Amino acid sequence: MRKLDENPIYYVYEHYKPNCDEPFYVGKGHEDRAYWKYDRNPHWHNTVNKHGFEVRFVAEKLSEQDAFWLENVCIVGWGRKDKGEGPLVNMSDGGEGSSGAIRSEQWKRDHSGNNASCFGR
């Protein structure tokens with residue numbers, strides 16, 4: 001497994017339909033990933049084709065590990081549509097990304113008290 005990048009260049013973002021207070025997608029990225037329209041799932045494209053999207057940043061200047069963690073907290077907090085738990089069209093609970101980060105049970109326990117205020121419930 002690749003070592004996670006400790007440079008604080010990552011962020012967590014949410015995509016919203018214009019004039020909506022509830023996101024439809026949460027992601028982790030760096031550089032201009034939040035604005036990409038490619039490399040997205042079909043449900044994301046259906047939403048964007050119908051409504052468009054706005055980007056809102058949850059947190060910036062994060063290490064890769066912290067960004068993966070916060071992405072997961074936000075996705076689980078808002079809930080996924082495919083699981084009947086919320087509005088998000090994400091196809092996973094996040095936290096894995098292309099680098100393949102996998103959280104140990106100990107890491108999850110150590111960070112479970114740090115619930116971010118990125119969701120409105």
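Guide: Two strands are said to pair if DSSP finds at least two bridges between them. The model discussed here is predicted. With that definition in mind, β1 and β2 form a hairpin, and the number of residues between them is six.

Visitor: Which residue in the turn of that hairpin has a positive phi?

Guide: The turn lies between β1 and β2. Its residue with a positive phi, about 60°, is Asn19.

Visitor: What pattern does the chain follow along the sequence?

Guide: The chain contains three helices and three strands. Read in order along the sequence, these elements give the pattern β-β-α-β-α-α.

Visitor: In which sense do β1 and β3 pair, parallel or antiparallel?

Guide: Strand β1 is joined to β2, residues 23–29, by six bridges, and these two strands run antiparallel. Strand β1 also pairs with β3 over six bridges. The sense of the pairing between β1 and β3 is antiparallel.

Visitor: Which residue of β3 stands opposite Val12?

Guide: Val12 belongs to the set of β1 residues that point one way, together with Tyr10, Glu14 and Tyr16. On the β2 side, Val12 stands opposite Lys28. In β3, the residue opposite Val12 is Ala59.

Visitor: Which element gives the most residues to the largest nonpolar core?

Guide: The largest nonpolar core has 14 residues, and those with the most contacts inside it are Val12, Val26, Leu62 and Leu70. Strands β1 and β3 and helix α2 each supply at least two residues of this core. With seven residues, the element that gives the most is α2.

Visitor: How many residues does the second, separate core have?

Guide: This second core includes Tyr13, Phe24, Val48 and Val55. It stands separate, and its number of residues is ten.

Visitor: How many residues of α2 are buried?

Guide: Helix α2 has 15 residues and reaches 21 Å from its first C-alpha to its last, close to the 21 Å expected at 1.5 Å a residue. Its buried residues include Ala67, Phe68, Leu70, Val73 and Cys74. Helix α2 is mostly covered, and the number of its buried residues is eleven.

Visitor: Which residue just after α2 takes a positive phi?

Guide: The phi in question is about 95°. The residue that takes this value, just after α2, is Gly79.

Visitor: Is Ser63 buried or exposed?

Guide: Ser63 lies in the loop between β3, residues 54–62, and α2, residues 64–78. Beyond residues up to four places away in sequence, Ser63 touches Asp5, Glu6, Asn7, Pro8 and Tyr10. Its relative accessible area is 16%, and the cut-off is under 20%, so Ser63 counts as buried.

Visitor: How does Asn7 count by its relative accessibility?

Guide: Asn7 lies in the segment before β1. Leaving aside neighbours within four places in sequence, Asn7 is in contact with Leu62, Ser63 and Glu64. Its relative accessibility is 45%, which falls between the limits of 20% and 50%, so Asn7 counts as partly exposed.

Visitor: What distance separates the C-alpha atoms of Asp5 and Leu62?

Guide: Asp5 is placed in the segment before β1. Beyond its neighbours within four places in sequence, Asp5 is in contact with Tyr10, Ser63, Glu64 and Gln65. Although Asp5 and Leu62 are 57 residues apart along the chain, the distance between their C-alpha atoms is 9.9 Å.

Conventions:
Residues numbered from 1 in each chain as written. Predicted model: local features only at pLDDT ≥ 70, side-chain atom pairs only at ≥ 80, totals over all residues. Heavy atoms only, no water. Helix = DSSP H or I, 4+ residues; strand = E, 2+ residues; numbered from the N terminus. Buried < 20%, exposed > 50% of the residue type's maximum accessible area, 1.4 Å probe, protein only. Contact = heavy atoms within 4.5 Å. Expected span 1.5 Å × (residues − 1). Core = buried A, V, L, I, M, F, W, Y, C linked by side-chain atoms within 4.5 Å.
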